[in-house]
Amino acid sequence: MNPFQVLIQTIVNGLLLGSIIALVAIGIAIIRGVMDMVNFAQGEFLMLGMYASYWINVKWNLDPLVSAPITIALMFILGVIVYKVLIARVIEAPMLAQMLLTFGLSIVLVNVGLFLWGSQFKTIPNVLVKGTISIGGVMVSLNALVPALVSLLMAGAVYWFLMKTRMGRAFQATSMNKKAAALVGIDTQTVYALAFGLAAACAGLAGSVLSISYYIFPGVGSVFNLYAFVAVCLGGFGSIPGAFIGGLMIGVSDSLAGFYISAAFKYVVAFGIYLVTVIFKPKGLFGW
Amino acid sequence: MLELIGVTKKFGGLLANDNVSMKVEKGQIYGIIGPNGAGKTTLFNCITGFLRPEAGRVIFEGRDITSMPANLICRAGIARTFQIVQVLDSLTVQENAMVGAFCHTNSRMVAEKKASEALDIVRLTDKSTSRAGSLNIAQKKRLQIARALATGAKLVMLDEAMAGLTEAERVQAVQIVKDINSLGITIVLIEHVMEVLMPVSDRVLVLNFGKKIAEDVPSSIVNNEEVINAYLGGHGNA
Amino acid sequence: MSRILKAIILCSVALVLLVSPAYSKVDVVKIGVIYPLTGTSASTGNDYVAAYQLAADIINNVTNIDFPFAKTVGIPSLGNAKIEFVPADSQGNAEVGKAEAERLITTIKPAALMGCHHSAVTKTASQAAEQYGIPFLCPDSTSPALTERGYEYFFRSGPTDNTFIEDAFQFIADVDKAKGTKTQTVALVSEDTEFGKNILNVEKDLANKLGYKIVETITFANNSTNLSSEVLRLKQANPDVIFMAAYTSDTILFMKTFKEQRYYPRAIIGQRAGFIAPELFQTIGKDADYLFTTNVWAADLGVARPIVKTINDMYKKKTGKDLTGDYARAFTGAFVMADAINRAGSLDPEAIKKALLETNLPGKDLIVPWEGVKFDQKTHQNMYGKTIITQFSNGSYKTVWPLNLASTPVVWPVPGWDKR
Amino acid sequence: MKKYTVYILIAAALLAAIVLPRLLPKPFEKHVLILIMLYSILGSAWNILGGYTGQVSLGHAVFFGIGAYTSSIMLIKWGIVPWVGMLVGGVIATIVSIIIGLPTFKLRGFYFAIATIALGEMTRTLFLNWEWIGGAVGLELPIKRGDKLINLQFYLSKNNYYYVLLGIFLLTILAIYVIQKSKLGYYFRAVKDSHEAALASGIDTARTKLVAMGISAFITAIAGSVYAQYLLYIDPYVVFSSAISTRICLVAILGGEGRLFGPIIGSSILVILSEYSRAWLGGGGKGVDLIIYGTLIVLVAAFQPRGILGMVEMVKAKRQKAVVPNA
């Protein structure tokens, strides 16, 4: 590979990684945007989504991409239940209580996963999409490309939903002014429950597409969680395009730093870029 | 005492304050009126250091305080309240006032004393051990004033201290403003309720769309053509 | 609300009260084994425990195999007392490992402690044992520093990183000669914990000493989300051989990324850990083929020595998996310990320590291909530990080096992705 | 009369704290006590910044690690007694906290919290690759037998570790109490409640936050030094782990953030629960202990968001309300 190809390859790798980070980040951004709280358990929802895909594959031999609607539906229901049972109790509470709850939830979910399915790494054999294509010497793995495309579509769809649909506007109204929203007949509790469900469903979709290329184990969520949070902050908490672009930026900086500087310091560089950005734009690139 | 020369503040393309000049004399009650969005609060923020004006100067007691940090402006002697009330919810009423009083003292005793005096003036002494978060809106507005007073300010700037109050509460608030003024403290008031502002003010500034359209004694303001057209005429009893 | 408060208080009180000492019966020899039973290395830890339990089964029951302690019940010199390996969870965390060591020492009164897979945990747990004067036998951690501390009660039956890496370079020299290749450049890839860094340091020294050119050195973050830039660097550096030290998750990700980038050097030589985890084959299947790893054990050693196969079959019956180098070492350690206790004829730590120092097990009593177990009198490091090199093929490890143990001819150089 | 009762209560609690390790003979119990004290200190230190001043840090392991590393390096490389290293570590941590604080205090709420997580991870990576201080291989502290206080290493009696930590804890509590009653304490709480009101009261909010962070970092580093002396082994995964940062924060929130005795309550519950549940259930390898641990956190958060002390206060308030109408 000549230096130019290497550069392109590095950027492509970064974009592919970034889009996976964005998949998780979008869910965090929805919850933050609508409910003004942060869900530290979003990575664990991703883990559950991956296991759902895995077990559906084991039991009915369905490819994760085929079973994605089932996974999404399951995760949506789970999200609504989690909201109703737990989150609803802290929605008015101070930030610390919300943090505490979602922290605890993530510990519980990881270990319930460990309890039920053991700690072995699992992957789904014989997925539909596999192989690598070479474009001018640049290698693009198809089962990494699928999550990237899905991530883009998901960001677009969620954005469209929030901006253009009636329900989406109700979400937005609620996020801007709860009392006013209630006055015009929006049931904020329902909106919150749906928003939480939607975020969990996003994690479900992310789990489906990620399970074709990544290994699955109970701690898989934490692998992505931190990067996803940084992406959301970088993009501006609550902004869907922000989360998406933040994810891509983190991915690309990780990849470039890993290749051109040092693999050992790639996290330092990626986080450093984030810190420098928020120091100059404290609410992130697209924050409001 | 306080002089503004050509203060201009932009938000993006929007001119929130356009070349505003004004002069407040010591001991005055100075009113600022204007319809919603006229730039009154922005002007307050520019004076008190919460915003940096793009152009113009703010002079307080002969000192240029333009773009000084808000906390230093407070130390220089200008204290303010907020339109959206900002009290320290988890502290008691007394403690809220003490936070202001610590501006010029390190001693708890002194701060306690100053705070009690301020609470006396705003008639909140009986509430001094309650949590500020448990007060009603009128009490919170008065508490803000107490905190401002406790800082030992020479100039107190009140942002809509009367808005949203009942008739009785408003009468009480006007009385408090007069009491404070009688202690020799200069006051700048923002209101859009004209009836409240006019009787107490010595001088009134009218803002519309960020521009100063008049500055005069109240009796002249109510007869000013431009004010009637732009403000009273267009918006009735706004 | 107050009901919850009460519940919480009750729970806490109950927790405190329930900490009663587990009474140790005289007729049971208890040995604490500390491994990561939760957390990212949990599956490894649990398989270790299974290996100890298999050892206990063989020692405690009459088993019709030709192996020490198999034909008798328990420890003969202690009135056939049964041996019990009591697991404790280190969570892979040094502080927890030490706390668990102390807890075991003071509650179950173990005759000895064993463990702990992660070198950092072994360091702190053995510290506790040293403080209490309890023998600590480490069968698995490979950090050379462990036996350089001059501890009185610390013994290690397994080989150290130095041995593994020296043998790996010897393997390259031998295979170069046999196949007529010439390996000149190497890349060193290590994860960033104690395990990886130790190996990296030893590898650097040896490569320089033996005249190999290091064209790339990479330390990567343990549990990475993505390793594509690391792989790209390797691809650009294009070394003849890649040396790699990684735990399971990263090994899986590395192999996937190598394939995605369609890159394979002449050979990849792993340093155990992720490369001998059963999940590697279970998750990436045939893509694991041709991987080399240093090792202490492989099932095909059973071809020459049936007892090895028998014991592997027993383990497989118990867990559904083959033994690996890790678990075979632990199993071996269990017998080293049983042997010492039997010779000591008492549970007194000093007697057991003395017996350990006098250990002299012949290679035929082991399932690992070592000359035997005999501890250096000063460092307490087993002097006879030995490496084998295995190559993955069809889901199992085939011994390819040393040549006298090889069951399969080595595939060298390894075919690229497009030629499989 | 009321003050009198308070004094008696304090004296009784102190006495209990001193006698407690004598009543618990098993080293594991002492280990638990030591951890409780350690996390009480850490939680109290966190409380200064997070509880009183309202800046939620999820990266306090940075200061903990700096403390642990400074005293260890000074001991190993130059043979300087850990007490000196401890103070130097505290000072270095304070300087680092100011360097971190200057840019990050512009960030509000979650942005600050996430930035501190990122900083924690960055610091750990730097230490992992910094060979001079041992890198990933870590540092083993030389064992000094003979239990001299000056060495801060107690080979025989774990009680001494506990008493050292108890002493530091009491000093911390005292310092916080004094601060609470002073102008600084009022300023901390003002900054937490309303940034605008604080500014308008003449408070230099940035400086106030820096002071809070500096004090908090100093105490955290001191605790880190003692921890290194206790474990006698440190590496970046041990002392810079995000799990420590999280736990420090949980301890303070669980007990009731911004309350003097919140951390010791939170730490008692959290440490006892996690240590004992692991001891009983951890051997199974199924994570049951952590399920219980997590569930407790969830329950407290969902049903008593203001922490245990918040709950106690609420119960008290209810009783008072119930009494008042009759009286």
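This is a predicted model: local features need pLDDT of at least 70, side-chain atom pairs count only at pLDDT 80 or more; totals for chains, interfaces and linings use all residues.
Reader: What makes the length of helix α6 of chain B agree with its number of residues?

Author: Helix α6(B) covers residues 167-182, and its 16 residues should span 22 Å at 1.5 Å a residue; the end C-alpha atoms are 23 Å apart, and therefore the two values agree. After this helix comes Gly184(B), which has a positive phi near 95°.

Reader: Why are the buried residues of α6(B) said to be on the same side?

Author: The buried residues of α6(B) are Ala173(B), Val174(B), Ile176(B), Val177(B), Ile180(B) and Asn181(B). They cover an arc of only 160° around the axis, and so they are on the same side of α6(B). On the other side, Glu167(B), Ala168(B), Val171(B) and Ser182(B) are exposed. The packing partners of the buried residues are elements of chain B, including β3 (29-33), α4 (108-121) and β8 (186-190).

Reader: Why is Ile32(B) called buried?

Author: The relative accessible area of Ile32(B) is 0%, and because the limit is under 20%, the word applies. Ile32(B) is found in strand β3 of chain B and, leaving aside residues up to four places away in sequence, touches Met22(B), Phe44(B), Val188(B) and Leu207(B), among others. The C-alpha atoms of Ile32(B) and Arg203(B) are 8.7 Å apart in space, although 171 residues separate the two in sequence.

Reader: What makes β2 and β5 the edge strands of the sheet in chain C?

Author: The sheet is open and has five strands in the order β2-β1-β3-β4-β5, with parallel pairing. Strands β2 (82-89) and β5 (154-156) each pair on one side only, as edge strands do. Neighbouring strands are turned by 25° against each other on average, direction ignored.

Reader: How do you know that β1 and β2 of chain C pair?

Author: Eight bridges join β1(C), residues 28-35, to β2(C) in the parallel sense, and because at least two bridges are needed, the pair qualifies. One of the bridges is that of Ile31(C) with Phe85(C). Helix α3(C), residues 94-107, lies across β1, β2 and β3 of chain C, at about 145° to β2(C), while helix α4(C), residues 119-132, packs on the sheet and makes about 160° with the direction of β4(C).

Reader: What makes β13 and β14 of chain C an antiparallel pair?

Author: Strand β13(C), residues 388-393, runs antiparallel to β14(C) and is joined to it by five bridges, one of them between Ser393(C) and Ser396(C). The hairpin of these strands has two residues between them, and Asn394(C) takes a positive phi near 50° there. Strand β14(C), residues 396-401, is mostly covered, with five of its six residues buried.

How values were computed
Residues are numbered from 1 along each chain as its sequence is written. Chains are lettered from A and ligands numbered from 1 in the order in which they are written. Side-chain values use heavy atoms; hydrogens and water are left out. Helices (H or I, at least four residues) and strands (E, at least two) are DSSP runs, numbered from the N terminus. The expected span of a helix is 1.5 Å times one less than its number of residues. Buried means under 20% relative accessible area, exposed over 50%, partly exposed in between (1.4 Å probe, protein chains only). The arc is that of the directions from the helix axis to the C-beta atoms. Contact means heavy atoms within 4.5 Å. Axes are lines fitted to C-alpha atoms, for helices over the stretch in contact, and angles run from 0 to 180 degrees between N-to-C directions.
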